Amino acid sequence: MSTHPQSQRRLHAKGFYDEFPRKGGTASRATHYCAGCGHGLLHKLIAEAMHDFGLQDRAILISPVGCAVFGYYYFDCGNVQAAHGRAPAVGAALARCLPEAVVLSYQGDGDLGSIGLNQTLQAANRGERMAVFFVNNAVYGMTGGQMAPTTLAGQKTVTTPNGRDVETTGHPLHLCELINTLPAPVYIERCLLTTPANIQKARRAVRKAMEIQRDRRGYAFVEFLSPCPTNLHLSPLDAAKFVDEEMAREFPPGCLRDRTAEVAARPAPPPLEPLTPADIEAVLDKCVAVPAPPGLDPDFGTIRIKMAGFGGQGVLSYGMMVAGAGLADGRHVSWFPSYGPEQRGGTANCSAVISGSAIGSPVLSHLQVLVAFNQPALDRFARDVEADGLILYDSCLAEKPTTTTARALGVPASRLAIEAGLPKAANTAMLAALACSGACRVASERFSDMLAQTFAGKPALIAANRRVFAAATEWCQANLRPE
Amino acid sequence: MGVRLVKGNDAAVIGALYAGCDAYFGYPITPASEIAHTAAKLFPRLGRVFVQAECETASINMVYGAAAAGKLSMTGSSGPGISLMQEGMSFLAASELPCVVVDVVRAGPGLGNIGPEQSDYNQMVKGGGHGNYRNLVLAPASVQEMCDFMIWGFDLAFRYRNPVVILADAVIGQMVEPLVLPERVAPPPDTRAWAVQGTAETRANVVTSIFLDFEVLEALNRRLAEKYARAAADAAAENWRTEDADVVFVAYGVSSRIARSAVDELRRVGVRAGLFRPKTLFPFPGEALNAIARRPGMRLVVAELSDGQFRDEVLMATRFACPVSLLSRMGGNLFSVEDAMAAAQTAAGDVA
Ligand SMILES: Cc1ncc(C[n+]2csc(CCOP(=O)(O)OP(=O)(O)O)c2C)c(N)n1
């Protein structure tokens, strides 16, 4: 960092601490900034505005990574230091978690326009409730004068020793103009930290951004073209001249947007009360629920069931109904789906386990029961069914398997569903078949009870599914011989 | 009240609410996305903050902001997203800020796939970000623990003012099991002594991790080390049939579920098998494991969905007190109960 004790400047203003003990060292009222640097001046303008509007108790200043990393040495308000480029994300969270707080994000051009550009644009686009004070000094100051995204074409820096070649390193980024493409920001202005007249304009811009925060109106962005004599290798006077002439030509100063009058001041919402269990239960999804956890009954054994078919056939909710029926019957249960892209590829499968004791792996290799909703499901999973297991398949969509010794029962589930007036409910017909088969050792009415739970949000479907269930039960009783 | 059927990822959000969580920040990734879906649905309805961040770098820095405000904040992600969060986690640990990060581990390295693995072990348990810091890491093995460990996690995070990781896996995140809802909501911790809240009371507070003075920074490092040593008191493990066992699986998460089934099957065929399941991966319950490892004739079988990352921890903790073998699958594969039985029988020298 470019800290020269002999060049340290005394800095006191309203809004600063009286002394700077966090800085340590001997000069307890001097800053760490170089002579002629714009940071110290901008600090003063911000601190003063914060003080004048009476916001020191409400304000949180976010120090960036860069020369201003030690903002918290000076600003007499709440202070948070953020990782390089992440001040907008940190500030967004502060603003959302603390409705009364005034969030001030202070960032350099490397921090804001390079490593943190995404966070900058996204926070601006969401219209986060914060003021962003952006110091554009056309270099990376803290790390020793490397190229910044705002370095001018042809400008020499330690990483552009021959001058910035825009063909290979890109053009200077215009941050105000970028932000001005977004609908959410309330106020966007570019100022210069040079002549007294320019500083007066900068002062007004700082105060405007501060007022917007005081009134909780939204996002404000102010850019400051700022001299960095140390890294430009210029005297303070010449550095200011560089800003006024070269930088201002590339980055025209002025107000790009001011919608302060159009957006209403927003009162802070009342503070949140702590939650109660009743609050939480009220928002939880309705789902299968029973009064007590399952007990231990090792004699019951463990039944592993796989259901598979096309996406959209209700395979996953079928599995949930199977697990739900088991739970309602006092058993340990688990359910595990195929998930992710596989699901989107048109096939779906899931596993359910019903057991008399705690369940190990919910992912199955050996099956006692396979419920196949189509031919590919049968082709893929029939071989995993144990020799004395059971295969139920929709005989409208799949052929009786020949390569397994397991019992295979065809149920015309698709036809039964159509005949009962609900073509999409073949899975309900298959549920009835599973219930009738007794393979899960779960009382049949537990399965039909699941229909009411599953369709609790769509009451009209409960009765229709019950009709399918009853018709399929009747068909099974007539056509499937008990074991 | 009562017992409901809930997915592991959803249980993490439910647990967070009972922990009193104020804010969720996250970016979608399979197999962790349901955490964001459910938080998006439930948090705003309860007046809590939900933000879909633009990337995981933003997620973790939003968590940092909320934590700096003294709020209970969390995020959830998997492999690539967790990698992006490491800088932020180092900042959280250095600034001594509490948070909970749920990692529903998928298969890597690189983009890998969305199947289950436990290969984020080193990244989350040993560090991952820069500098001398540790996450406190909890390893749930059921939907119930996905919920309960969130409450435990926030308690640890605020007690130690340190990031806590819930290191789950794709199976635990995606599976559905019965969940008993917690009976109470944890009371909010008093954070006014250190948080920055935009109030007169907290105006003098600062959250930072830059300490130019070498002595001051070394002192912070030593203080963190002492804190991690203190955390050993919170190490926890479950023993399943280890009392008279000759061969003991050491496994966490989904691996422990499969190993537990293998233990029961092995007992049926006369092999005295057991399972040692750490619930905390850092602090690691090394003493409890050592007590088992030092028994005469003991054999340990580490079962993990990673390439010996966890086995190395076991070796270090037991200081080669007994033979330790490794059963591992990767790439999204699980070992089967039969694989685990065979590994135990081989280890026990009982190759039929
Ligand atoms: C992730 C990361 N990368 C790099 C750095 C090193 N670094 C510190 S400050 C800085 C540049 C800051 O430049 P700028 O934002 O323009 O602020 P200035 O110092 O000019 O005020 C860099 C690259 C860092 N701290 N963190």
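This is a predicted model: local features need pLDDT of at least 70, side-chain atom pairs count only at pLDDT 80 or more; totals for chains, interfaces and linings use all residues.

Reader: Where does the ligand lie?

Author: The ligand sits between chains A and B. It has 17 residues around it, and A:His39, A:Cys67, A:Asp109, A:Asp111 and A:Gly141 come nearest.

Reader: Which element supplies the largest share of the shell around the ligand?

Author: H3(A) does, with four residues. Helix H3 (109-115) and strand E5 (139-140) of chain A each supply at least two residues of that shell.

Reader: Which polar backbone atom is 2.7 Å from an oxygen atom of the ligand?

Author: That one belongs to A:Gly141. A polar backbone atom of A:Val139 is 3.3 Å from a ligand oxygen. The protein buries 75% of the 590 Å² that the ligand exposes when taken alone.

Reader: Why is the pair A:Arg203 and A:Glu48 called a salt bridge?

Author: A side-chain nitrogen of Lys or Arg must lie within 4 Å of a carboxyl oxygen of Asp or Glu. For A:Arg203 and A:Glu48, the closest N and O atoms are 3.0 Å apart. So the pair qualifies. It links distant parts of the chain, 155 residues apart: A:Arg203 is in helix H7 (residues 196-214) of chain A, and A:Glu48 is in helix H1 (residues 38-52) of chain A.

Reader: Is A:Glu48 called buried or exposed, and why?

Author: Buried means under 20% relative accessible area. A:Glu48 has 16%, so it is buried. A:Arg203 has 27% and therefore counts as partly exposed.

Reader: What makes A:Asp285 and B:Lys41 a salt bridge?

Author: Their closest N and O atoms are 3.1 Å apart. The limit is 4 Å, so the pair counts. This pair crosses between chains, from the loop between helix H10 (277-283) and strand E10 (289-290) of chain A to helix H2 (residues 33-45) of chain B. A:Asp285 is partly exposed at 45%, and B:Lys41 is partly exposed at 37%.

Reader: Why is B:Asp190 called exposed?

Author: Exposed means over 50%. B:Asp190 has a relative accessible area of 54%, so the word applies. Its side chain meets that of B:Arg192 in a salt bridge, at 2.8 Å from N to O. B:Arg192, at 39%, counts as partly exposed.

Reader: How many salt bridges does the structure hold over all chains?

Author: There are 37. A network of salt bridges links A:Arg96, A:Arg126, A:Glu128 and B:Glu54.

Reader: What makes a set of residues a nonpolar core?

Author: Its members are buried Ala, Val, Leu, Ile, Met, Phe, Trp, Tyr and Cys residues, joined through side-chain atoms within 4.5 Å. The largest such core here has 165 residues. A:Phe221, B:Phe25 and B:Met74 are among those with the most contacts inside it. Helix H7 (residues 143-160) of chain B gives the most to this core, with 10 residues. Apart from it lies another core, of 59 residues, including A:Tyr318 and A:Trp335.

Reader: Which residues is B:Phe25 in contact with, leaving aside its neighbours within four places in sequence?

Author: Among them are A:Ala93 and A:Cys97 in chain A. In chain B they include B:Val49, B:Met62 and B:Met74.

Reader: Which peptide bond is cis, with omega near 5 degrees?

Author: The bond from B:Thr30 to B:Pro31. B:Pro31 is in the loop between strand E2 (23-26) and H2 of chain B. The bond from B:Phe282 to B:Pro283 is cis too, with omega near 0 degrees.

Reader: Why is A:Arg441 called partly exposed?

Author: Its relative accessible area is 46%. That lies between the 20% and 50% limits, so A:Arg441 is partly exposed. A:Arg441 also has a positive phi of about 55 degrees, although it is not a glycine. It is found in the loop between helix H15 (426-437) and helix H16 (444-454) of chain A.

Key
Residues are numbered from 1 along each chain as its sequence is written. Chains are lettered from A and ligands numbered from 1 in the order in which they are written. Side-chain values use heavy atoms; hydrogens and water are left out. Buried means under 20% relative accessible area, exposed over 50%, partly exposed in between (1.4 Å probe, protein chains only). Contact means heavy atoms within 4.5 Å. A residue is near a molecule or strand if one of its heavy atoms lies within 4 Å of it. A polar contact is a pair of N or O atoms within 3.5 Å; within protein, one must be able to donate a hydrogen and the other to accept it, and residues adjacent in sequence count only if both atoms are side-chain atoms. Accessible areas come from the Shrake-Rupley method with a 1.4 Å probe; for residues, only the protein chains shown count as cover.
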